[in-house]
Amino acid sequence: MEEKKGYLILSTGDVLEGKWLGEEGHTEGEMVFNTAMTGYQEVMTDPSYAGQIVVMTYPLIGNYGLNDIDFEAIKPFLAGFIISSPCHTPEHYQSSFTIKDMITTYQIPTLYDIDTRALTRIIREQGEVYGKITSNPNDTTVQQSIDKEIVQKVSVSNVLHFYTKSKQTAQQNPHVVVMDYGYKNSIMQTLLELGCDVSVVPFQTTISQLQELNPDGVVLSNGPGNPEHLTYLKETIKQISDAFPTLGICLGHQLLALAHGAKTMRLPYGHRGSNHPVKDLITGKVFITSQNHGYVVDGESLDETIWQVTHLHVNDQSVEGMIHKVKPVMSVQFHPEAHPGPIDSHYIFQQFVQKLLKKGEKQHA
Ligand SMILES: NC(=O)CC[C@H](N)C(=O)O
């Protein structure tokens with residue numbers, strides 16, 4: 001058992017003592033908490049957590065192990081990890097390594113033996129909290145800012161191509177380009193399963209470079225940071241959504257709104273977990289969704305003549321989805337690809353792929 005003491009220093013002035021899981025380290029970042037009871041591997045490898053210290057409210061972490069298949073990115077990008085009780089003896093037929101192996105391999109500064117529920121109350125009450133993980137309890141200055149260039153650090157630098165194994169009948173497989181602001185692997189996998197070929201492109205890909213790839217549709221991916229730090233991408237995103245069927249997911253949804261003149265704002269303490277209820281205003285149904293976001297689109301700022309709000313969060317009525325009234329363009333704040341979390345909102349991908357197939361029929365008619 002590790003016994004070395006480590007400290008979480010918060011911008012609120014609180015200092016929490018824990019123990020190092022794996023090597024001692026040093027890191028700083030925005031404090032966020034995730035309430036999912038399972039899915040720690042997907043959370044740790046979701047690039048949207050880049051630059052953040054993630055607190056898992058659920059106390060037992062690692063009890064069904066980790067494996068090579070549940071990575072959402074090639075490596076974890078989160079700045080640090082705070083848990084209560086790590087499990088060193090996982091049991092699951094697919095488990096191939098432990099939480100401590102993961103932390104050691106990728107050198108993620110991690111403290112355990114922290115009361116993550118008490119810590120979550122601090123974050124909830126204070127809203128915007130920054131933290132530092134260190135071995136020195138007197139090292140109390142905490143940097144209170146978000147990296148404005150975080151997307152550069154997670155986006156691919158070259159175009160990647162993936163080909164579906166489930167062929168569409170009657171017509172060619174739609175080709176979807178994913179604009180990579182920090183995409184989760186399961187977004188790409190879901191598109192492949194629905195019979196799409198997928199290309200993943202760097203986040204600064206221009207409209208003319210995109211046109212060379214001749215996509216049938218474009219996905220604006222999830223990703224880390226404050227969407228307002230990416231306003232220099234607005235013009236390209238506007239051009240993309242004017243030219244192609246488009247689906248925005250999480251950061252992609254926020255960027256789509258910004259590109260069309262709307263505003264985003266910070267939530268008091270974010271939505272991060274696997275049980276967020278969302279109402280589809282078109283069908284009246286409520287879905288349980290997977291979420292990971294700290295910002296939202298300001299519904300009041302959306303141009304009602306062009307956009308229809310399609311989804312609302314049941315708990316705080318924040319905007320969770322929107323659709324263009326004329327063009328085949330839609331976006332959601334939650335994660336229809338799940339991972340972790342329920343797949344209730346998988347239909348969002350189906351609706352998007354239907355739009356691509358319809359476009360194909362028109363072209364071939
Ligand atoms: N998962 C995401 O795409 C997150 C979007 C954005 N970084 C936010 O926190 O709101």
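Me: Which residue is the bridge partner of L8 in strand 9?

Reply: L8 has I133 as its bridge partner in strand 9. The model is a predicted one, in which local features need pLDDT of at least 70 and side-chain atom pairs count only at pLDDT 80 or more, while totals for chains, interfaces and linings use all residues. Residues are numbered from 1 along each chain as its sequence is written.

Me: What makes strand 1 and strand 9 a pair?

Reply: Two strands pair if DSSP finds at least two bridges between them, and strands themselves are DSSP runs of E with at least two residues, just as helices are runs of H or I with at least four, both numbered from the N terminus. Strand 1 and strand 9 (residues 130-134) have four bridges in the antiparallel sense, so they meet the rule of at least two.

Me: Why is N292 called buried?

Reply: A residue is buried if 20 or more other C-beta atoms, placed from the backbone, lie within 10 Å of its own, exposed if 12 or fewer do, and partly exposed in between. N292, which belongs to strand 16, has 30 C-beta neighbours inside 10 Å and therefore counts as buried. G294, also placed in strand 16, has 21 other C-beta atoms within 10 Å, so G294 is buried. In strand 1 (residues 5-10), five of the six residues are buried.

Me: What is Y269, buried or partly exposed?

Reply: Y269, found in strand 15, has 18 other C-beta atoms within 10 Å, which means that Y269 is partly exposed.

Me: What are the edges of the sheet, and why are they called so?

Reply: The sheet is open and mixed in its pairing, with 10 strands in the order 10-12-11-13-14-19-18-17-15-16. Strand 10 (160-162) and strand 16 (286-297) each have a single partner strand, so one side of each is left without a neighbour in the sheet. For strand 10, strand 12 (residues 197-202) pairs with it in the antiparallel sense over three bridges, and L160 has V200 as its bridge partner there.

Me: Where does UniProt place the binding site, and why can it be called one spot?

Reply: An unreviewed UniProt entry gives the feature "binding site" at S48, G223, G225, L251, Q254, N292, G294 and Y295. Although these positions span 248 residues in sequence, no two of their C-alpha atoms are more than 13.2 Å apart, so they gather at one spot.

Definitions and conventions
UniProt positions renumbered as here; feature names shortened; annotations may be inferred.
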